[in-house]
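Thank you all for making the time this morning. I would like to walk you through one model, beginning with the ligand and then turning to the core.

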Amino acid sequence: MKVVFIIFNLVGYKFSGMHSNIATISAVLKKAGHETFALKIRSKNYNKKELITKLKEVNPEVIGISTVSSLSKLALKVAAQVKKKLGVPIIIGGVHTLIAPEEFLQSSSVDYVCVGEGEKPMLELVNSIEAKKQDGPIKNIWLKREGKIIRQPLRKLNNIEELPHPDASLFHKKGSRITYETLTGFGCPFNCTFCQNEFIKNAYSGLGKYIRRKSPKKVIEELQQIKNNYKLSSIAFVDELFTQNIKWLEEFSIRYKKEINVPFWCNSRVDTLSPKILALLKNAGCFRIFMGIESGDENTREKLLGKKFSNKEILNAVKLIKNEKMEVGVSVIIGLPSSNKKEMDLTYKLLKKINPDEVSTNSYLPLPKTKLGNYCIKKGYLKKNILTFQTTKMALDIGKERDFIKAQRKITNLNTYKRYKTLKKYKALLPIYFITKFFFGDHKIGKFSLWIRNHLSRNVVLLPE
Ligand code: B12
Ligand code: SF4
């Protein structure tokens, strides 16, 4: 059967490569003889006609849509338009369907919802649609019959060692130059209050170990395959916490250096770094480590966000990374419910001390069923309906607009160096860049380039590009 996956990669996201979750489902389907395609939507202002035309080019028999909470409204809009014009079965999956499956099945355009991991359930569903069988009970697949929602229990978690490697060809043209984004495992042992991790771990309780990692052997095999088929510029290990197991890193570091030897970056956490771990990463070829520091205010970080490490520990971790001549990337959250000018100034001051190679600023997105999300509801900052969790700019809602924008602008200015490096490629633009920067600051430039990309580039793309 022909299956198209619709994924969202909105303009402005730093990442635009492979979605490894969909790539793995695709690999499972292909192994069973089905055909798979991916269609990427890059803007909320996408062109509906273009979406339908692109889909008709493929003429799918099943459509799968993958979504996170903040994009669930968009996913429902796409489902409605596609259902009307193509009339094929539509299934939605992703982290938000684990949180609130009913919300999707309330829409008449959605036939099935995958709750939890999708590899085996999607295969069983596609097989049963192909065989024109009455929808039998498939664990993880909820559906509607005669207007009623039929719920199914969650199945045991996958043994990730047994899954096929992600199907990179769904996202990348063979032979092209790529940064390969992948995961070596899932989950994180910490429970920060703003993060979905605790909810996800609890949702799967009793169904196997949620925090899992592929063996170094399996990861190296996957990367070998990628190396054989693509020109690899670098690798991004997008695991939540790449540095959580030193034994794993010891084996990985040696094999990676010998068999892959491509520069990579990864995510870590301040209190998991040690000189030994950093030496292993450096030896393997790591050039940048990314850490969420969230706030410069220790009280906010430790009490509100549940990240129990101090500014001193952050600066120490940064020093260790720099000693190994690796780059430091940090992310901060602005517009938290506790935010005020003082807190944002502390964040700015800490960032200046860190002097990172990259700063990622995220406006706080209250996630459903997280401790901090619930706190925001209790405080009346958000409406209860989970789909309204789209409102990212909490600070704007609770009257901190000026401080919020000022902080965002100051922090964005710290990223000048990076932007300057990109701009060097387009030398003719440099005078305009510096004049605009002089009058308005980097913040406006960022917004302007986002607007250009949002309106002038192709917003619906049939992959691989
Ligand atoms: C890797 C990752 C990314 C990568 C994704 C690309 C990649 N290379 O894989 C990048 C960095 C791009 C990214 C971006 C974002 N992410 Co992210 N990401 C993750 C992370 C760490 C792992 C995702 C993953 O693969 N998990 C493992 C697989 C097995 O689980 P899964 O993703 O849920 O997919 C399974 C099922 O849901 C289901 N499924 C999923 N889609 C579909 C579709 C169909 C049709 C079917 C049948 C099944 C199905 O089957 C999949 C395989 O079993 C998770 C954390 C986590 N624990 O999941 C956060 C996480 C999913 N991300 C999150 C967020 C908030 C984002 C961003 C919105 C951040 C931002 N502000 O930009 C964007 C959204 C991007 C987008 N368009 O979806 C949140 C989502 C919270 C929520 N309630 O929405 C999470 C949970 C992080 C967290 N701890 O809070 N992310
Ligand atoms: S350390 Fe990162 S991934 Fe782990 S719970 Fe905290 S925010 Fe989530």
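Which helix or strand gives the most to the shell around ligand 1? Bearing in mind that this is a predicted model, the answer is H1, which contributes five residues. The shell as a whole has 40 residues, and the closest to ligand 1 are Gly 64, Ser 66, Val 68, Gly 93 and Gly 118. Besides helix H1 (20–31), the elements that each supply at least two shell residues are strands S3 (62–66) and S4 (90–93), together with helices H4 (95–99), H6 (119–130) and H7 (197–203). By residue type, the shell divides into 19 nonpolar, 17 polar and four charged residues, and at least three residues come from each of domain 1 (2–158) and domain 2 (172–421).

Now to the core. The largest nonpolar core has 105 residues, and those with the most contacts inside it are Ile 6, Ala 79, Ile 92, Val 113 and Ile 289. Because domain 1 and domain 2 both give residues to this core, it lies between them. Taking Ile 289 on its own, and leaving out residues up to four places away in sequence, its contacts are Trp 265, Cys 266, Ser 268, Leu 281, Ile 321, Met 326, Val 328 and Gly 329.

Finally, let me turn to Gln 196, which sits in the loop between strand S9 (185–186) and H7. Gln 196 counts as buried because 20 other C-beta atoms lie within 10 Å. Apart from neighbours within four places in sequence, Gln 196 contacts Val 95, Leu 367 and Thr 370; the C-alpha atoms of Gln 196 and Leu 367 are 6.8 Å apart, although 171 residues separate the two along the chain.

Methods. Residues numbered from 1 in each chain as written. Chains lettered and ligands numbered in written order. Predicted model: local features only at pLDDT ≥ 70, side-chain atom pairs only at ≥ 80, totals over all residues. Core = buried A, V, L, I, M, F, W, Y, C linked by C-beta atoms within 7 Å. Buried ≥ 20, exposed ≤ 12 C-beta atoms within 10 Å, placed from the backbone. Domains from an automatic or database assignment. Contact = placed C-beta atoms within 7 Å. Near = placed C-beta within 6 Å. Helix = DSSP H or I, 4+ residues; strand = E, 2+ residues; numbered from the N terminus. Nonpolar A, V, L, I, M, F, W, Y, C, P; charged D, E, K, R; others polar.
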